[in-house]
Amino acid sequence: MAQILKRATVLENGSARDADVMSTVADVIADIRRRGDEAVREYSTKFDNWSPDRFRLSDEQVESIVATVPKQTIEDIELAQRNVRRFAEHQLDSLRDFEVETEPGVFLGQRSIPVAAAGAYIPGGRYPLVASAHMTIVTAKVAGVPRVTACTPPIRGEIPAATVAAMSMAGADDIYLLGGVQAVAAMAIGTETIGKVDLLAGPGNAYVAEAKRQLFGEVGIDLFAGPTETLIVADDTADPFIVAVDLLSQAEHGPDSPAILITTSEALGREVIDLVDAILPTMSTRDYAEAAWRDHGQVLVASGLDEAYELADEFASEHVQILTAAPRDALDVMRNYGAIFLGEGTCVSYGDKVIGTNHTLPTRGAARYTGGLWVGKYLKTVTYQEVVDPAASAALGEVLGRAARVEFFEGHARSGDVRAAKYAGAPLPWAPDGAPDWTKTSV
């Protein structure tokens, strides 16, 4: 039984959807269905105080905005996108179309086909989340998506130039300065000026997440996202200062972001708690990070690494960081995480911004059954079948007739019967007068 050095004061991090959020989102979606662009404009004015002549940025506007971005920022975006693109290309290479002859004359195949159109939502709100453009747009383009529509909101009435630059450099086909539920709904439903997409990707606030949930089925989504989560497994070799800094690096995402330490060293756990308290006052994002640590932070002391890994798997955290003497051991024993970060030289924030793996990851325990956004999410895995040997078709037809009648599917059975009849001269006792007589012409 693990010893608890710091307990979360709020055990639920918003897993139950707020009724007001659900109702508000449902009303906005329904209104956009009815009134299209007119409703989108009204909600943009209401929620973001933003109502330009056109939400879509022209090529000239994009070029002008990108020109205002500092050269160093452009170079950093290029590096990050190069890393994301390279990793996504390797993911794509791991998938392959194939065709196999399972029996003589029976060919089965598989193909991966990109969706025709994807919508990328890049959050803004309080801060520009530039890296989300890399993760959603670059990955979609590597997958081969022909049209990517990207939306991001203005930030306090200002155009987020670096985000627009990242969207453009990533390859977005249409860029809209539009945020919130109105952006997500417009992309999913389609309006007079915004084309309908087949899949929505990208993080957002509670309203955006709820909009994606309500629209799921009408369109595909990347995953159901909640507050950012981080969990560190550390032994007595870990640097407590780095542990504290890394916990707070993710706590600043929001006041409901869990930051959890599981350690085999009580002394390290207590030192980390003291260091977090000392570092917090120096953070410009203290209002979020402090609330997250106070309400959702935990420090647990495990009896050993085996127990630590078991506990970590129970949390199934979005991000898991391994700060132990042998970090790669975690790859062999852990199974529930969105992404894992091995060793002191690797931090979760690398994954968030620059290293190349995707930062759109499962939260709220979803890591038990899914991974995060990847190139395959934009691909539909489809199959095809062809039976070119008449004898093989006849044999399959006979089996189908028997198998379908076990389930009382007479129509299915007859599809098999006619092939057994045409290709092998099998009788058709149910055939009406005038049906073909294949007993003389069967192959």
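## Thr 228 and its annotated set

Thr 228 is found in the loop that runs between strand 8 (220-221) and strand 9 (230-234). In this predicted model, Thr 228 counts as buried because its relative accessibility is 16%, under the 20% limit. Apart from neighbours within four places in sequence, Thr 228 is in contact with Gln 250, His 253, Ser 257, Pro 258, Glu 318 and His 319.

UniProt, in an unreviewed entry, places the feature "binding site" at Thr 228, Gln 250, His 253, His 319, Asp 352, Glu 407 and His 412. These positions span 185 residues in sequence, and the farthest two C-alpha atoms are 55.3 Å apart, so the positions do not all gather at one spot. With a relative accessibility of 55%, Glu 407 counts as exposed.

## Domains

The domain assignment divides the protein into domain 1 (15-222), domain 2 (227-372) and domain 3 (390-442). Between the C-alpha centres of domain 2 and domain 3 there are 62 Å.

## A second annotated set

The unreviewed UniProt entry also gives the feature "binding site" at Tyr 121, Gln 182 and Asn 205. These residues are spread over 85 residues of sequence, yet they cluster in space, with a largest C-alpha distance of 12.8 Å. From this set, Tyr 121 is part of the lining of the second largest cavity.

Tyr 121 belongs to strand 4 (residues 117-121) and counts as buried, at 6% relative accessibility. Its side chain reaches the backbone nitrogen of Gly 180 at 2.8 Å. Beyond four places in sequence, the contacts of Tyr 121 include Cys 151, Pro 153, Leu 178, Gly 179, Ala 183 and Val 208. Asn 205 lies in the loop between strand 7 (199-201) and helix 8 (206-215). At 47% relative accessibility, Asn 205 is partly exposed, and its side chain reaches the backbone nitrogen of Tyr 207 at 3.0 Å.

## Thr 263 in strand 10

Thr 263 lies in strand 10 (residues 259-263) and is buried, with a relative accessible area of 0%. A polar atom of the Thr 263 side chain is 3.0 Å from the backbone nitrogen of Ser 265. Not counting residues up to four places away in sequence, Thr 263 touches Ala 234, Asp 235, Leu 268, Gly 269, Leu 300, Val 301 and Ala 302.

## Salt bridges

The whole structure holds 16 salt bridges. One of them joins the side chains of Asp 174 and Arg 56, at 2.8 Å from N to O. This pair links distant parts of the chain, 118 residues apart: Asp 174 is in strand 6 (residues 174-177), while Arg 56 is in the loop between helix 2 (37-48) and helix 3 (59-66). Asp 174 is buried, with a relative accessible area of 16%, whereas Arg 56 is partly exposed at 23% relative accessibility.

Glu 210 and Arg 213 also meet in a salt bridge, at 2.8 Å from N to O. Both lie in helix 8, three residues apart, which is about one turn of the helix. Glu 210 is buried at 4% relative accessibility, and Arg 213 is partly exposed at 28%. Arg 294 forms a salt bridge with Asp 295, with the closest N and O atoms 3.0 Å apart. Here Arg 294 is partly exposed at 47% relative accessibility, and Asp 295 is buried at 16%. A network of salt bridges links Asp 31, Arg 34, Arg 35, Glu 38 and Glu 42.

Definitions and conventions: Residues are numbered from 1 along each chain as its sequence is written. This is a predicted model: local features need pLDDT of at least 70, side-chain atom pairs count only at pLDDT 80 or more; totals for chains, interfaces and linings use all residues. Side-chain values use heavy atoms; hydrogens and water are left out. UniProt positions are given in the numbering used here, feature names are shortened, and annotations may be inferred rather than shown by experiment. On a 1 Å grid over the protein atoms alone, a cavity is a set of points where a 1.4 Å probe fits but cannot get out, and a pocket is an open set with protein on both sides within 12 Å along at least five of seven lines; lining residues have an atom within 4 Å of a point. Helices (H or I, at least four residues) and strands (E, at least two) are DSSP runs, numbered from the N terminus. Buried means under 20% relative accessible area, exposed over 50%, partly exposed in between (1.4 Å probe, protein chains only). Contact means heavy atoms within 4.5 Å. A polar contact is a pair of N or O atoms within 3.5 Å; within protein, one must be able to donate a hydrogen and the other to accept it, and residues adjacent in sequence count only if both atoms are side-chain atoms. Domain bounds come from an automatic or database domain assignment. A salt bridge is a side-chain nitrogen of Lys or Arg within 4 Å of a carboxyl oxygen of Asp or Glu.
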